[in-house]
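The model comes first, then the interface.

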Amino acid sequence: MDSAEDLNYPQILFQYNHGFFFSKTMFTACELGVFDLLLESEEPLSSDVIAGRLGTSTTGMERLLDTCVGLKLLRVELNSEGVFYRNTELSNLYLAKASPKSLYHNMMYYSKTVYLCWHYLTDAVREGKNQYERAFGISSKDLFGAVYRSEEEMIKFMYGLNEIWSICGRDVIAAFDLSPFTHIYDLGGCAGGLAQECISLYPNSTVTIYDLPKVAQVAKERFIPPEEHRIMFHEGDFFKDPVPEADLYILARILHDWPDDKCMHLLEKIHKVCKPGGGVLVVETLLNEDKSGPLDTQVYSLNMLVQAEGKEKTSTEYSNLLRAAGFKEVQVKKTGKLYDVILGRK
Ligand code: SAM
């Protein structure tokens, strides 16, 4: 950066400028079902056939497909009969709905919800608060009342967040040896993706998903198989209602939602009920100590501004919160993936 060459032709600025073109292209191809059709078809298809099957214009579909080729989401083949498109391995694995590692719902959540909030980033920076009011016309006095403004939104959120754990849940759960902790509460455990990883790696443990009543009910009905007796549910509000005694409390993507005073309140409450020798496992994406990166974490922190009440933090900031709440041995493990882990022991 800043070499004479960069200044004569600011390539990087064009890339940033086009960033949302790239994401919207991918979201649109997901939404229209391009990757699903190409996974099912098992043979490359022409743009006419794809447009016909998906009920779109041919002129629009042709350009969408070509741009997906540029993004390496599709491959194009030219032969004597014409131009044909097929999925890349990346799309088969992560963008087609049928794949066990699909990020389809995550993409749709970004496209339909996150994107709309980011339209008001300037307002968020000016005001220092989230933008549900402008984006969706609803008050965010009760943050999760706004996030779950309809049953449909809540389910979209649950699917969208859960998919991440099929990709990096194992790294998070394996970062520390959690086998001594058999009685685990996943506070704000949502759809239970992390709880499932946990019982799969530690078969002697039980995990209770503690979440707001309607979330816990949907997790039970739609996400966790009824025969899975090692996963249980507790309906409650972790700020207002009692939190039961356990060996380990998981807080995955919880502390980043809230301002420090609320984080402290929750951590102190957990510390009181945590069994001696037990602990709290904080799962978050960590900023460098000087906040110079990683870029993904920096933009997630801006996302917390437009969508929540908290921010992303450094490992020292999290460790200080845990120590202030009474946790003694605090260890940090970077996983090299999107989410890192901090274990505090009582
Ligand atoms: N831990 C999950 C994960 O990483 O996929 C979900 C993280 S999501 C950002 C926050 C979760 O906290 C949601 O499941 C939400 O319903 C839950 N939550 C928010 N406020 C809560 C409260 N007061 N009591 C219990 N759960 C709450």
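The rule finds one salt bridge across the interface of domain 1 and domain 2. This is a predicted model. Lys112 pairs with Glu31 in a salt bridge, and their closest N and O atoms are 3.0 Å apart. Polar contacts between domain 1 and domain 2 come to two residue pairs, both at pLDDT 80 or more.

On the domain 1 side that touches domain 2, helix α3 (residues 19–32) gives the most, with six residues. That side of domain 1 has five nonpolar residues, no polar ones and two charged ones.

Now the domains themselves. The domain assignment of the protein chain places domain 1 at 4–94 and domain 2 at 104–345. Their C-alpha centres lie 33 Å apart. In contact across the interface are seven residues of domain 1 and eight residues of domain 2.

How much area do domain 1 and domain 2 bury between them? The figure is about 830 Å², with 69% of it on carbon and sulfur atoms.

| Item | Value |
|---|---|
| Distance between C-alpha centres of domain 1 and domain 2 | 33 Å |
| Area buried between domain 1 and domain 2 | about 830 Å² |

Definitions and conventions: Residues numbered from 1 in each chain as written. Predicted model: local features only at pLDDT ≥ 70, side-chain atom pairs only at ≥ 80, totals over all residues. Heavy atoms only, no water. Domains from an automatic or database assignment. Contact = heavy atoms within 4.5 Å. Buried area = accessible area lost by both parts, 1.4 Å probe. Salt bridge = Lys/Arg side-chain N within 4 Å of Asp/Glu carboxyl O. Polar contact = N/O pair within 3.5 Å; in protein donor to acceptor, adjacent residues only side chain to side chain. Helix = DSSP H or I, 4+ residues; strand = E, 2+ residues; numbered from the N terminus. Nonpolar A, V, L, I, M, F, W, Y, C, P; charged D, E, K, R; others polar.
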